[in-house]
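Reader: Hi! I'm new to this one, could you walk me through it?
Author: Happy to, let's take a look together.

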Amino acid sequence: MQTVDEEARRSAWSAYWAAGQLHSCVGSLDAGYGGAIGQFWAQQFRTLGASDRVLDLATGNGPLPRLLSSTRDANDCPHVDAVDLAQIAPAWYTPADYPRIRFHSGVRMESLPFPDGHFTLIVSQFGFEYAHREPALRECLRVLAPGGRMAFVMHHAGSVLAKVGRSELAIHERLLEAGGLLDAASGVLPWFARARAGEDLRGHVVANASRSAYNAAISEVTAYSRQLQAPDLAREAVDQVHRIIGSAAADPGPALAALSDYRQALQAARLRTAEMIDHALDASQAQALVAQLETLCAGAQAQCRPLSQAEGLLGWGMEMAGV
Ligand SMILES: C[S@@+](CC[C@H](N)C(=O)[O-])C[C@H]1O[C@@H](n2cnc3c(N)ncnc32)[C@H](O)[C@@H]1O
């Protein structure tokens with residue numbers, strides 16, 4: 001299911017975590033873990049003791065280790081190893097405050113640097129589904145202790161998050177397409193700078209055409225966003241591009257650099273959103289994962305159920321008790 005090269009994925013996620021987000025679904029979990037996902041994790045963590053060893057796969061900036069440690073005393077917390085393909089930067093964490101939690105950047109789920117049978121619980125929140133399925137499952141089963149458990153929250157193809165994601169992706173595509181708003185902004189910006197430098201461009205055919213193309217691109221994005229579920233994103237993009245154009249001085253260099261940074265940020269966001277949609281599981285894919293797990297681990301019992309709350313469907317909750 002991997003659609004883009006791994007270095008691009010790693011760098012898109014590293015940039016996201018470096019910007020300080022605690023988790024990947026900003027909005028859905030901002031209110032905390034009071035709903036279905038919180039209940040799922042409370043259930044998984046309830047029986048853990050200080051001698052347990054927990055592995056968090058695709059941890060991001062570590063919302064799960066943070067949640068787990070928030071429920072108990074620092075010295076009574078299970079040992080947690082949290083891995084991610086990307087460089088992560090959990091702002092809430094220092095080794096001195098959380099001596100039992102260790103983060104490992106640049107570690108793929110398909111190749112885990114831990115001994116056989118090491119962990120009593122393996123967890124992942126919106127992370128496991130991003131892996132190459134079979135090698136990652138084999139690694140989980142290798143590092144899982146006899147009688148250990150696995151619990152994953154995964155993206156659901158019909159979830160609220162996937163719906164919003166599809167809408168965001170459509171906007172990203174629109175902004176970045178050839179001749180779209182970002183291209184139109186790059187076209188008009190140098191003319192704007194020349195006007196700022198005092199040049200009279202009123203009768204200038206190319207300058208006027210660039211300005212018209214820019215205005216048309218803004219109208220087009222605004223009209224298009226009205227049909228979608230995430231119109232705020234388009235509004236923010238239009239505002240941001242306007243700010244950059246407005247900041248252009250006689251020397252257009254800094255504004256052009258800002259526009260280029262913004263384009264890169266949008267490209268990274270498009271990649272992350274596309275990945276989320278690509279890896280979200282429908283019911284038959286969720287069942288196939290359960291079957292695959294039970295085949296690889298004879299005697300294990302796995303189940304996958306939808307997690308919903310008032311806002312709608314949030315994801316899948318998968319649990320497996322080992323043998
Ligand atoms: C949607 S984020 C989830 C992060 C975090 N668990 C959370 O709840 O916010 C997905 C994460 O999976 C990581 N990832 C993707 N493929 C991976 C792999 N093969 N091995 C390890 N991490 C991976 C990405 O770098 C990213 O940080």
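Reader: Which atom of Q125 lies 2.8 Å from a nitrogen atom of the ligand?
Author: A backbone N or O atom of Q125 does. This is a predicted model, where local features need pLDDT of at least 70, side-chain atom pairs count only at pLDDT 80 or more, and totals for chains, interfaces and linings use all residues. Residues are numbered from 1 along each chain as its sequence is written, and side-chain values use heavy atoms, leaving out hydrogens and water.

Reader: Thanks! What about A58 and the ligand?
Author: From a ligand nitrogen atom to a backbone N or O atom of A58 is 2.8 Å. For R9, an N or O atom in the side chain is 3.0 Å from a nitrogen atom of the ligand.

Reader: And how many residues surround the ligand?
Author: There are 19, each with a heavy atom within 4 Å of the ligand. The closest are W17, A58, D84, M109 and Q125.

Reader: How does that shell divide by residue type?
Author: Into 10 nonpolar (Ala, Val, Leu, Ile, Met, Phe, Trp, Tyr, Cys and Pro), four charged (Asp, Glu, Lys and Arg) and five polar, meaning the others, Gly among them.

Reader: New topic: how are the rings of W41 and F45 arranged?
Author: Rings of Phe, Tyr and Trp (its six-membered ring) pair if their centres lie within 6.5 Å; planes under 30 degrees apart count as stacked, over 60 as edge-to-face and the rest as tilted. By this rule there are 13 aromatic pairs. The W41 and F45 rings have centres 5.7 Å apart and planes at 20°, so this pair is stacked.

Methods. A polar contact is a pair of N or O atoms within 3.5 Å; within protein, one must be able to donate a hydrogen and the other to accept it, and residues adjacent in sequence count only if both atoms are side-chain atoms.
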